[in-house]
Protein chains: 2
Amino acid sequence: MTLTIGQLAKAADVKVPTIRFYEEIGLLPRAARTASDRRVYDEPAVQRLAFIRHARQLGFSVEAIRALLDLSDQPDRPCDEANVLAAEQLSAVETKIAQLEVLRDELRRMVDAACHGRVSACRVIEVLSDHGHCEGHGTPRPMAVADA
Amino acid sequence: MTLTIGQLAKAADVKVPTIRFYEEIGLLPRAARTASDRRVYDEPAVQRLAFIRHARQLGFSVEAIRALLDLSDQPDRPCDEANVLAAEQLSAVETKIAQLEVLRDELRRMVDAACHGRVSACRVIEVLSDHGHCEGHGTPRPMAVADA
DNA sequence: CTACATCCTCTAGCCACTAGAGGATCAAGC
DNA sequence: GCTTGATCCTCTAGTGGCTAGAGGATGTAG
């Protein structure tokens, strides 16, 4: 049983151009082609794409997914590396949550104090103008975490 | 008292190219220039840039900041719009946190179950392969929230 | 007068896609 | 067999919010 790219897209809940993109960057192997140059897929392709999609949903970077896929292609290797990648991702997500909680608290204070008058007396504008209004929040580092 | 772009950068804790970028996209007005074409700034520029930086730290998009700056330039207008923008940003951050908490929980389950053997029996790889392992998490929408 | 820092403009790159142009091929209905 | 519309192909460019670097002019300190 073979699949077109569109059918694969539906099966794994991923958009068609994204599949082509994953092939281009080497997350998916080059697909076999029909005589008229259309891509042809099989069941394992669905599995692999679903793996990628799931990992992306969990916020893994493409590079991390590449490593995880390499691992899953070599079942005899020890899986420490996979555990490390997962632990790192967990810690990245936890850091990100903590940072966003700081933002949330500051935004909440801002919104709670919202005035109903003119901009000249607006708390929102005022708070934005003066950093001193907020509780000291440390030096947050950028930390890549997926939007999804 | 005037400032060079480098001094402004230090005063507002923003990198020099970022200032030029903000000028280019119109968040900052075109700076006055010296005879040798160097940008010159004054105190209000520091205020404006600090405003922008603070808003970016809070995760406001450039478009939202543009609106907030427009408002703060017109102190006589009612500030409802500013309140709305702040409330929207708060809600975006809250949504984002909720989404990340779902990810965190799933990653935590994955990491807690980590094996110490071979990839063939690795929980991490297994969980990634099979979406059924995770608690149903809904359809999260992309929601732009700053990294900082 | 010589380093060296800072400034200028311009282009390209980051991430993970997404959108669209312009054209070929396929499947279904008449 | 023919038309219609969906799907496919490749290619380029755009998204957001910067960051990095080339290549050159200007400023400042010793």
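The legends below accompany close-up views of a predicted model.

View 1. Chain A has 148 residues, of which 31% are buried.

**View 2. The packing of helices α1(A) and α3(A).** Helix α3 of chain A, residues 43-57, packs with α1(A) at an angle of about 50°, and the axes of these two helices are 9 Å apart. Angles from 65 to 115 degrees would count as roughly perpendicular and those under 35 degrees as roughly parallel, and α1(A) and α3(A) are therefore oblique to each other. The crossing of the two helices, α1(A) and α3(A), is right-handed. On the side of α1(A) the contact is made by Leu8(A), Ala11(A) and Ala12(A), while α3(A) contributes Ala45(A), Val46(A), Leu49(A), Ala50(A) and Arg53(A). By class, the residues of this contact between α1(A) and α3(A) comprise 7 nonpolar and 1 charged, with no polar residue.

**View 3. The protein surface near DNA strand D.** There are 18 residues around DNA strand D, and those that come nearest are Thr4(A), Gly6(A) and Arg39(A) from chain A, together with Ser36(B) and Val62(B) from chain B. At least two residues of this surface are supplied by each of three helices, namely α1 (5-12) and α2 (16-24) of chain A and α2 (16-24) of chain B. The largest share, 3 residues, belongs to α2(B). Sorted by class, the surface near DNA strand D holds 6 nonpolar, 6 polar and 6 charged residues.

View 4. When the neighbours within four places in sequence are left aside, Arg33(B) is in contact with Arg38(B), Arg39(B) and Val40(B). Leu85(B) stands 52 residues from Arg33(B) along the chain, and the C-alpha atoms of these two residues are separated by 34 Å.

Methods: Residues numbered from 1 in each chain as written. Chains lettered and ligands numbered in written order. Predicted model: local features only at pLDDT ≥ 70, side-chain atom pairs only at ≥ 80, totals over all residues. Near = placed C-beta within 6 Å. Helix = DSSP H or I, 4+ residues; strand = E, 2+ residues; numbered from the N terminus. Nonpolar A, V, L, I, M, F, W, Y, C, P; charged D, E, K, R; others polar. Contact = placed C-beta atoms within 7 Å. Axes fitted to C-alpha atoms, helices over the stretch in contact; angles between N-to-C directions. Parallel < 35°, antiparallel > 145°, perpendicular 65-115°, else oblique. Left-handed = near helix turned anticlockwise from the far one by under 90°. Buried ≥ 20, exposed ≤ 12 C-beta atoms within 10 Å, placed from the backbone.
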